[in-house]
Amino acid sequence: MSKALLAIQGVKTEFRLGRARALQAVQGVDLSISAGEIVGLVGESGSGKSVLALSMLRLVQPPGQITDGHILFDGEDVMQMSARALSAWRGRDVGMIFQQPQSCLNPVKRIGWQVAEPLLRHEKIGRKAAWAAAIDLLRAVGIPAPEEKVLAYPHELSGGQAQRVMIAIALALKPRLLIADEPTTALDVTIQAQILELLSERCRTLGTSLLLVTHDLGVVARIADRVAVMYAGRIVEEGPVEAMLTAPSHPYTKGLIAAAPQLGQAQGGRLKDIPGAIPDLSRPYAGCAFAPRCELRQSLSLKACDNAQPAPTTVGSAHTVRCFGAAGSIQSEMRVTS
Amino acid sequence: MTIPPLLDVRNLKVRYPIKTGLFGKPVDSIAAVDDVSFTLERGETLGLVGESGCGKSTLGRTILALQQPAGGAVMFRNQDVFCLSPGERKHQRRFAQMIFQNPRSCFDPRRTLGASVRMALDIQEMLAPSERDAAVAEIFRKVGLRPEHRLRYPHELSGGQLQRVGIARALILKPDLIVCDEPVSALDVSVQAQILNLLNDLRQEFGLALIFVSHNLAVVEYIADRVAVMYYGRIVELAPTHQLFNNPRHPYTKALLSAVPSIDFTRRHEPMPKLGDPPNPARLPSGCRFRSRCPMAMPRCAEEDPAMTALAAGHDVACHAALTAS
């Protein structure tokens, strides 16, 4: 694997709830993203995936704070950056897009200026040149008639077009990393397909790394190279997309894949649900957070799950899982098939 | 004599004003539901799919007379739901209930959930007052909650649990029909599977007819017996679920199906449909409204609005190209 562009180690982020209580949203996460790589970060609501994405850019707002860990971007320690350096870094090297594009655009400014703004701010470029560059950027993200659309206001755009404009803004300075937090969740499936294609095409063309935060494994299957699955503030499994989808190892990953109805699946049978609900992250617990919902723990009646955190175990090429039961079961499965 | 269907929707039209004149009279409007007809038998589940703004939720609401139509009729249990006296309407409501997308916004935050569910019985004056609490406990058990949950307030429950209460409230009146408007869209997939399994069990046990409105095609394929695909106020294809998903005939249905991202890794490199942007609903194209995004559009499509025509038994489609091809 090539050298990591972004590497985070042991990052913990918590939200203070009172004097003695805190919600542990991210509980010690290691993750690295290589140059030009598309990584999918998957989890259900409350798993901490969005907070992790914000933590990477040190964008967590009080009462939230990063309490531990290292964030290295191209060897540089993000945690040590001054406010000025941080702002320059965020503008130049990273871009971010969100779920609701309409709420991220300034409603009283023409979109041309909003696309040109990062250029005017971070590059020595005149207004005229920036305006012309904005038209090119809008053309590159597939906005029809960009010469006219630069004059439009955000309310004149459809949801899909607004997300295209957000992508144009985020990629205006050819950042080395783009973080997209649920970029297609608010869009219809036909538009989602187009935006996913655009994101992956633009990132591959510019050599930008992409962290795609989503709850939808189908979206990840479509464009990601690597997938990390988060549950209750921790990454429980991480690996190449093909291995993750065809040979998932963690019972939670397996559960997620089985629970979502798929097109063409036999109809009428029972869906494989995951009983129970996510744990309360403001209550500390000793064992694996998934243990109370875990079938594997029940069938193997593992004691360790309640008392200790499973360490990452390698189950395949660049494929790691944090589960006391999974490592053993993978071996027995391999024995059966070979 | 044949038995009339449970629900018979005939040429239903709903218009929303988008501009009003000097004296508040609408001068321009959008046809949210435009000449829609279908029937639903007892115990049957109809899936209603389409993109946002296609009118699927409006259609669901109008069937329950929560929205006034601009034309057409909805016959439910042999009565036109728009021609009822207030008393008759209240009686009718017992048999047709609704489940909403966001259960958090449809319960009174200051009332216990048990009281909210019991209220349905109180209003309909079903059962003796002394028996009602027991009935609530019973229905809570049926939807997978504990009787203690009756004493909880909405903020104490998770979204999935609250949606179970929403189902309990609809079910306690033993209705014939439940309109489910995106009932699992706000839920995480592991919880979504729990709720879909529950709905599937309950509709069999109670012989319920469901109208299941959703933008999620895989969910609709799982639960529905028949599926109607809507595009800007019109049903463009209506067929038994298996047939619609395995042999879609309308180019819009085909595009929708191929746009769903699959977790099947082998399908990763299948091309995505290039549909283009949706039209302005106030200025739909002449003739066929899908023409502006259709890969199969012909000159005829600009002139003539295609009518729903049967291609096979129970499989109707509104498309000139699909009809000439068969």
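**Working through a two-chain model**

Helix α8(A) is followed by Gly207(A), a residue whose phi is positive, near 70°. Helices (H or I, at least four residues) and strands (E, at least two) are DSSP runs, numbered from the N terminus. This is a predicted model, in which local features need pLDDT of at least 70 and side-chain atom pairs count only at pLDDT 80 or more, while totals for chains, interfaces and linings use all residues. Residues are numbered from 1 along each chain as its sequence is written, and chains are lettered from A and ligands numbered from 1 in the order in which they are written.

**Exercise: a helix in chain A**

Check the span of α8(A) against its 18 residues, then find which of its residues are buried and what covers them.

Solution. Start with the rule: the expected span of a helix is 1.5 Å times one less than its number of residues. For the 18 residues of α8(A) this gives 26 Å, and the end C-alpha atoms are 26 Å apart, so the two agree.

Next, look at burial. A residue is buried if 20 or more other C-beta atoms lie within 10 Å of its own, exposed if 12 or fewer, and partly exposed in between, with C-beta atoms placed from the backbone. Buried residues of α8(A) include Val189(A), Ile191(A), Leu199(A) and Cys203(A).

Then ask what lies over them. The cover includes β3, α7, β7, β8 and α9 of chain A, together with α9 of chain B.

**Exercise: a helix in chain B**

**Exercise: where the chains meet**

Solution. Two residues are in contact if their C-beta atoms, placed from the backbone, lie within 7 Å. Chain A contributes 38 residues and chain B contributes 35 residues. On the side of chain A, the elements giving two or more residues are α7, α8, α9, α10 and α11. The largest share, six residues, comes from α8(A).

Now sort by class: Ala, Val, Leu, Ile, Met, Phe, Trp, Tyr, Cys and Pro count as nonpolar, Asp, Glu, Lys and Arg as charged, and the others, Gly among them, as polar. This side of chain A then has 15 nonpolar, 14 polar and nine charged residues.

**Exercise: an enclosed strand**

Explain why β9(A) (residues 226-231) counts as largely enclosed, and name the partner of Ala228(A) in β10(A).

Solution. Six of the six residues of β9(A) are buried, so the rest of the structure largely encloses this strand. One face carries Arg226(A), Ala228(A) and Met230(A), while the other carries Val227(A), Val229(A) and Tyr231(A).

Now the pairing: two strands pair if DSSP finds at least two bridges between them. β9(A) pairs with β3(A) in the parallel sense over four bridges, and with β10(A) (residues 234-240) in the antiparallel sense over six bridges. Ala228(A) stands opposite Leu41(A), and its bridge partner in β10(A) is Glu238(A). In the hairpin of β9(A) and β10(A), Ala232(A) takes a positive phi near 50°.

**Exercise: confidence in chain A**

Where in chain A is the pLDDT below 50?

Solution. pLDDT is the predictor's confidence in each residue, from 0 to 100. Chain A averages 88, and 95% of the residues score at least 70. The pLDDT is below 50 over residues 329-338, a stretch with three contacts in the model beyond near neighbours in sequence.
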